[in-house]
Protein chains: 4
Amino acid sequence: MIKVGVLGATGYAGEELVRILSGHKEVEIKMLVSHSYVGQKMSDIYPHLRGICDIVCEDLDVEKAAKECDVVFTALPHGASKEVIPALFEAGLRVIDLSGDFRYNDVEVYEKWYGEKHSNPELLDESVYGLCELHRDEIKNARLIGNPGCYTTCSILGMAPLVKNGYIDNSSIIIDAKSGVTGAGRGLHINYHFCECTENLMAYKVGTHRHTSEIEQELGLLANEEIALSFTPHLVPMKRGIFATCYANLKVDKTTQEVVELYKEFYKGERFVRVYDAGKLPESNHVSGSNFVDIGVVVDPRLKRVIVISAIDNLFKGAAGQAVQNMNIMFGLNEAEGIAQAGFYM
Amino acid sequence: MIKVGVLGATGYAGEELVRILSGHKEVEIKMLVSHSYVGQKMSDIYPHLRGICDIVCEDLDVEKAAKECDVVFTALPHGASKEVIPALFEAGLRVIDLSGDFRYNDVEVYEKWYGEKHSNPELLDESVYGLCELHRDEIKNARLIGNPGCYTTCSILGMAPLVKNGYIDNSSIIIDAKSGVTGAGRGLHINYHFCECTENLMAYKVGTHRHTSEIEQELGLLANEEIALSFTPHLVPMKRGIFATCYANLKVDKTTQEVVELYKEFYKGERFVRVYDAGKLPESNHVSGSNFVDIGVVVDPRLKRVIVISAIDNLFKGAAGQAVQNMNIMFGLNEAEGIAQAGFYM
Amino acid sequence: MIKVGVLGATGYAGEELVRILSGHKEVEIKMLVSHSYVGQKMSDIYPHLRGICDIVCEDLDVEKAAKECDVVFTALPHGASKEVIPALFEAGLRVIDLSGDFRYNDVEVYEKWYGEKHSNPELLDESVYGLCELHRDEIKNARLIGNPGCYTTCSILGMAPLVKNGYIDNSSIIIDAKSGVTGAGRGLHINYHFCECTENLMAYKVGTHRHTSEIEQELGLLANEEIALSFTPHLVPMKRGIFATCYANLKVDKTTQEVVELYKEFYKGERFVRVYDAGKLPESNHVSGSNFVDIGVVVDPRLKRVIVISAIDNLFKGAAGQAVQNMNIMFGLNEAEGIAQAGFYM
Amino acid sequence: MIKVGVLGATGYAGEELVRILSGHKEVEIKMLVSHSYVGQKMSDIYPHLRGICDIVCEDLDVEKAAKECDVVFTALPHGASKEVIPALFEAGLRVIDLSGDFRYNDVEVYEKWYGEKHSNPELLDESVYGLCELHRDEIKNARLIGNPGCYTTCSILGMAPLVKNGYIDNSSIIIDAKSGVTGAGRGLHINYHFCECTENLMAYKVGTHRHTSEIEQELGLLANEEIALSFTPHLVPMKRGIFATCYANLKVDKTTQEVVELYKEFYKGERFVRVYDAGKLPESNHVSGSNFVDIGVVVDPRLKRVIVISAIDNLFKGAAGQAVQNMNIMFGLNEAEGIAQAGFYM
């Protein structure tokens, strides 16, 4: 049994981790950390977990964590992780961090997009970008994972085959992405008040969202050249889901069918990537509650442009599910253990 | 491995059965029957199931069913089950029927509330009402289960301890119930069009809903006297959930705390019933996606009236989950096998 | 032109007042008061109002209000009104208060249900309960209106004909009420976070909600005896709407048709009350965005019980619309001026 | 008073027309035509209209229409209009058609995108494309209006200033559009079943949606050259709203502020177009229930790309509201008569 701790257990990503880990056969949850709810049962804060996980939340004690756990998941607000993680890391723990702090190869990219100094740049050499389908081998031996963002997982996996194979003009990439509201977290803000949010659609951080840099880093690695692209996030009145509509100009003459074949080949053997046949497209509830990445492709021959539709569940494959997938890889377990369930659709 | 078939696999209850059974360790799905989708893969109709259940739907062949299956679940539209079930039963299959046809002890009650003759009254002697928490012993040896309705499961379990213990005036029972829209099934009707349904609330079949008779039958058995009660169903703009607000006049002087104790005692050892401490109440998303029945109680001393709040997931404990729970009991498995997962809350 | 001020203009009831008053032909808005948004345009806070109402919000100046306005609407948080209203009142202004502070005839009832001393009990003699259909004559000459709550408007008008005519056992009244989320206001609370609220249903303040006392007061007046009743509020995942399902035991032998006739007679000439024919029932979106009160009735002869379904829009007839209706009456205008529009349904 | 008829009164666009026209001071509704509901009151089908519009629906009688009406609105399913409109037109009626049949200058474009012969190509010379802000002068004297589609109104007005002024590379235009579900109409289809639609997001008709050709026609006219562009419609789980996120590569060096100025100048004096200041962006509920078109602009200097956000209410400015705006222009009324109301936001 792998002994795990979850830091930031009472946020939405934390709750999803606890929910998934509670059903994972090879895992024993040893510690839930939540500053706001010290001394309260997880199931008092999230009553659906009663009888599933009644562990009492505690404050962080690094020594205790190091003694009791093999690995910790950190699902802390931005900023909080960077203080805690070096201590955990030095104490010998394996760490899977869900923040943006350890996702970058180049500290300057981080500092430009986050607008602040990185406090532990030396750890960036240790950390591995935990996009399982692209970095599986490095993940196996990693001690520190920068678990990818939700938008980025969806966007990168959606565009990877085209970029890797040089099918498109990389300067023409536009990603119009839509997110469910859990992506914004559990914090209170008027934008996420039910009455402001339901029956409403908005774009935000147009041209400036931090995930842009993550996507550019990874697609750039695949292309072996620098890539700059448009990324526009939208907030959609639903709880779960990331849905990316990606556009690019084709440099090659290919039909929808041929591009679909490319994708099927690229993702051959990947259990959690489902490429759609030509003529079919994913919808966000095809993946809700599951670790799947669903991808569909349309070539518009009139414009010689390709449109890729990619969908994931932001809390699952976009956060907690992929974190557990990373853990499975790191500990040599079946990669699908605990995360193979069907989505709930309804 | 228990070999199962699902009839009516492409309706909402059928889909939920397939979803749950696909994750059940002791089950092998041998046959999916769907008149409307013969020859199509389950996962073409419900794309979230791709890679989970890609079985091809077929038309009903009773002989084949009898040969290949140990048990069949029938999730057919009202009326369809009564033609099919006798044949399945005679062929030696165990049958768990999700329709209303085999839930009654007294054929006259059925005929009065359903407004038609029962075509197989002789099978009512064979059939067992599959409310697991109340009829576990009979279920063990049953060959034909009348799986309870969603409203009824929620209402009966909500009121059972009070009725059984004679705490209330049985003539004063009022159940004001609210349902998510999956309860209405997948059929097309203007009432379930997104634009008519979202941002709307309605009551329907006031004083005449068939589930009334099921509730009266079961509470009457517990009370050992005939009970007639008010039951008012409402449609709420959410997908899942049954939420029953039940009222009755107390015959005894009891506090909320004392009634809570009664409930905890009554449901002692029941894995799927969670009684709330005084001062706390269930909400519908505490049970979404799970087999739990959550119950809270308030005594209003000003009026000497008790209010019971009971919540289930209509597709899970209210249909497919309880059906699998029945199967587990019938086949001597761990009663929670395949249905012990945490609800999804978000 | 009637010169009006709105205090608390940026809350949900305040916004609805501004929206309605902006389209009212006999009204000129002179002053919008909002502590939180002093110096900001109403249309910067609520961008849908741009070009409709671009007035700058200011802090309260009672003297200025008295000089510039004929009437003020106070849509302040509980507690804030009672400090402000005496000053406004003494300055000679007519006041329509949307809080609970001036809705009571008996200060003891207020103090019992609100759990605090009333700071201006002497004003209760001046104030008139602004339920237009029941108190029209007193409203005409009132200088201070206690504008009714949303639940109470819906519940009282739903039960008034039965209570007034002695058709029911008044000790048997149960009101199971459901509200959209705007009823909770614009304040931030985890319960109203989109992700907690959508796809969820909850009951709250069971047996203890303050509106209970308002309903009891008014129905007691109609019955000419004290009435105590059950009132259970629920939160439904929709923005607007109050939907009350009311139960009572009949003392007389009446059919649905006869009770419908009683209602039609009782509300004859009332423009904003629509009684449904037997066999039809209101739904919440029949009244969304309008000042209508829709009422349907079912007699259950099996139980000799009557079920009344009553629906209003909580922000409109349940708050701002009725406040404007009160103003129209007070100033001798056409009672429907500015509030006669069709609801939006979709 | 202008005497009007509405054909297809019981569809969603028809209902919105009736709702708006019922509050229009210069209009008398003389005739509501609905094949499906002959003999039924409009307010029986849409109960929110009771007391607002209780007119009985009838079957179409062209002669009667010609005698009783000055103008008819045709909100018929695709295909139905083209049979009826020539007869109405010849009978001397002015016609405002909400279908796609009379929106085209070039019959070949119509036939290519609709995949069928146009039955009345000669009427295309008579018909005027009713996008009020761009074709006001022609509309004044038109006898037949092709009322624009919802996606197209939003997209064209969003891009017009850039295209007209040659700021962008016209071959780079990508419009990623999102629609509420009323855009799909009242017809029954599993895609619009509440349970399939809520908590879901989908793209459809990628690269092939008919509205593409309308947008290309109008932007081509403004550019004085042929334009081909990407248009991707999405279905969003909300009732109302069109939200277009438009991308294009800039040919000129301009800041966000400068492009905002261009838009403000272009739409100077347009009552229903609201251009946002730099740094602010429209959201779909800023326009819900109103005739406004809200437009915001972001220049991404990193990519030399402009992103335009444009939002309308699909039923209002995208259908019925603009139709009434056209009528107002045709009959020399105040252009805003009956459609100047504030949106409902909540």
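Student: How far apart are the centres of domain 1 and domain 2 of chain A?
Tutor: They're 25 Å apart, taken over C-alpha atoms. This is a predicted model, where local features need pLDDT of at least 70, side-chain atom pairs count only at pLDDT 80 or more, and totals for chains, interfaces and linings use all residues. Residues are numbered from 1 along each chain as its sequence is written, while chains are lettered from A and ligands numbered from 1 in the order in which they are written.

Student: Which residues go into each domain of chain A?
Tutor: Domain 1 is 2–148 + 317–330, and domain 2 is 151–313; the bounds come from an automatic or database domain assignment.

Student: How many residues does each domain put into the contact?
Tutor: Domain 1 of chain A gives 18 and domain 2 of chain A gives 23. Two residues are in contact if their C-beta atoms, placed from the backbone, lie within 7 Å.

Student: Which elements on the domain 1 side give two or more residues?
Tutor: On chain A those are α5 (107–114), α7 (132–140) and α12. The largest share, five residues, comes from α12(A). Helices (H or I, at least four residues) and strands (E, at least two) are DSSP runs, numbered from the N terminus.

Student: OK, new topic. Is α1 of chain A mostly covered or mostly uncovered?
Tutor: Mostly covered: 10 of the 11 residues in α1(A), which spans 12–22, are buried. Buried means 20 or more other C-beta atoms within 10 Å of a residue's own, exposed means 12 or fewer, and partly exposed is in between, with C-beta atoms placed from the backbone.

Student: What covers those buried residues of α1(A)?
Tutor: The cover includes β1 (2–7), β2 (27–33), α2 (42–45), β3 (71–74) and α12 (316–330) of chain A.

Student: And what's the phi of Lys205(A)?
Tutor: Positive, about 45°, although Lys205(A) is not a glycine. Lys205(A) is in the loop between β8 and α10 (211–223) of chain A.

Student: Why does Lys205(A) count as partly exposed?
Tutor: Because Lys205(A) has 13 C-beta neighbours inside 10 Å.

Student: Now chains A and D: how many residues are in contact?
Tutor: 35 residues of chain A touch 35 residues of chain D. Strands giving two or more residues on the chain A side include β7 (174–179), β9 (230–235) and β10 (242–249).

Student: How does that side of chain A split by class?
Tutor: It has 18 nonpolar, nine polar and eight charged residues. Ala, Val, Leu, Ile, Met, Phe, Trp, Tyr, Cys and Pro count as nonpolar, Asp, Glu, Lys and Arg as charged, and the others, Gly among them, as polar.
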